Amino acid sequence: MLVAADKFKGSLTAVEVADRVTAGLRRTVPDLEVRALPVADGGDGTVAAALAAGFAPRDVRVRGPLGDAVTTRFALRDDTAVVEMAGASGLQRLPAGVFAARTATSHGTGELLRAALDAGARTIVFGIGGSATTDGGAGMLSALGARFLDAAGEPVGPGGGGLLDLAAVDLAGLDPRFAEVDLILAGDVDNPLTGPRGAAAVYGPQKGADAADVTALDTALSRFAALMERATGVRAAERAGAGAAGGVGYGALVALGARFRPGIEVMLEVLGFAAALEGATLVVTGEGSLDGQTLHGKAPVGVAAAARAAGVEVVAVCGRLALSAGELERAGIRRAYALAELEPDPARSMAQAGPLLERLAARLAEDRLV
């Protein structure tokens with residue numbers, strides 16, 4: 001038995017999910033052999049999944065999205081680092097109820113990437129979910145030696161709003177080590193940088209942007225892309241993943257030589273999913289909500305695809321289930337078990353997620369293993 005589930009956002013980390021599922025399974029089958037491999041798809045929890053798989057933590061002090069200093073970490077094993085943007089420049093770094101749609105900066109993410117380079121990383125898996133920023137990666141690139149100047153030759157202000165004043169891009173001081181590093185953008189977003197499917201229009205409102213902010217940010221990102229293309233000769237604003245993380249995907253693609261891959265595919269390779277799967281006759285995956293978004297590259301579907309390719313059956317656990325039996329089957333998931341079956345009130349379900357998940361896993365074992 002292999003437990004390879006993502007976090008239940010707001011309730012349980014992926015490690016806690018694995019622990020609770022394991023405990024519940026063993027309520028029914030006490031001597032059951034269970035392997036746990038917490039997974040993530042590039043968003044918050046990606047570094048934690050790497051640490052659970054044996055990577056070592058490296059703590060770093062960086063600039064948060066509002067400019068204040070924050071402590072975050074990346075994971076390192078040999079010459080491979082796993083870096084999570086959310087830890088440096090994510091919504092989780094904002095005070096409750098506080099947003100900074102126009103001024104939030106990805107500067108700390110650049111500092112985090114530089115720390116991974118300083119630690120000797122030659123491959124960097126760069127998880128780009130959960131950002132608080134819409135600056136096209138300008139803050140990140142500034143931390144790595146780039147300069148973004150206004151008409152007077154002064155640095156523009158932080159965030160996407162500052163890019164409205166952008167007149168010149170100077171990449172001469174950009175850290176040259178990226179030419180020697182495999183930088184992999186791990187995410188589940190294929191949006192372009194600008195336009196109706198772009199970073200500002202689709203994800204800006206989640207970061208506190210109103211209609212006027214969205215228009216201003218999209219204009220700023222268009223200006224940024226035009227000047228970046230002039231400076232690099234690289235046209236990347238329409239590429240899949242350019243709009244990820246408020247355009248950090250774009251900055252990494254055009255200036256750092258990054259390549260974009262589905263986050264869960266990358267993480268399953270890094271975490272050693274194939275080896276963990278050997279000998280398993282059933283895989284339990286899951287996340288907090290199994291819904292339409294799950295079908296577009298989220299962790300449970302990636303786990304199911306990999307397990308199905310190896311001929312291993314997959315079931316899922318979740319807090320809330322909003323997929324039909326047919327949708328689950330097409331995703332490679334035989335059945336899903338939801339906490340809502342035990343506790344229909346969402347608030348109580350989230351508050352009691354741990355004990356409820358143990359009970360649910362015991363029920364799963366009764367159905368599938370006894």
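Asp291 is found in the loop that connects strand E11 (282–290) with helix H12 (299–309); helices (H or I, at least four residues) and strands (E, at least two) are DSSP runs, numbered from the N terminus. The model is a predicted one, in which local features need pLDDT of at least 70 and side-chain atom pairs count only at pLDDT 80 or more, while totals for chains, interfaces and linings use all residues. Residues are numbered from 1 along each chain as its sequence is written, and side-chain values use heavy atoms, with hydrogens and water left out.

Asp291 is buried, with a relative accessible area of 18%; buried means under 20% relative accessible area, exposed over 50%, and partly exposed in between (1.4 Å probe, protein chains only). The side chain of Asp291 reaches the backbone nitrogen of Gln293 at 3.0 Å. Leaving aside residues up to four places away in sequence, Asp291 touches Arg320, Ala322 and Leu323, where contact means heavy atoms within 4.5 Å.

Strand E11 also belongs to an open sheet of five strands, ordered E2-E1-E11-E12-E13 with parallel pairing. Two strands pair if DSSP finds at least two bridges between them. The edges are strand E2 (35–36) and strand E13 (335–338), each of which pairs on one side only. Strand E1 (residues 2–3) is joined to E2 by two bridges, and these strands run parallel; Leu2 stands opposite Arg35 in E2. Helix H15 (residues 353–368) lies across E11, strand E12 (313–321) and E13, running at about 145° to E12. Axes are lines fitted to C-alpha atoms, for helices over the stretch in contact, and angles run from 0 to 180 degrees between N-to-C directions.

The largest nonpolar core has 56 residues, and Tyr250 is among those with the most contacts inside it. Such a core is a set of buried Ala, Val, Leu, Ile, Met, Phe, Trp, Tyr and Cys residues joined through side-chain atoms within 4.5 Å. The residues that Tyr250 touches, not counting those up to four places away in sequence, include Leu193, Phe224 and Met228. Another core, of 39 residues, lies apart from the largest one and has Val47, Met267, Ala304 and Val314 among its members.

Terms used: A polar contact is a pair of N or O atoms within 3.5 Å; within protein, one must be able to donate a hydrogen and the other to accept it, and residues adjacent in sequence count only if both atoms are side-chain atoms.
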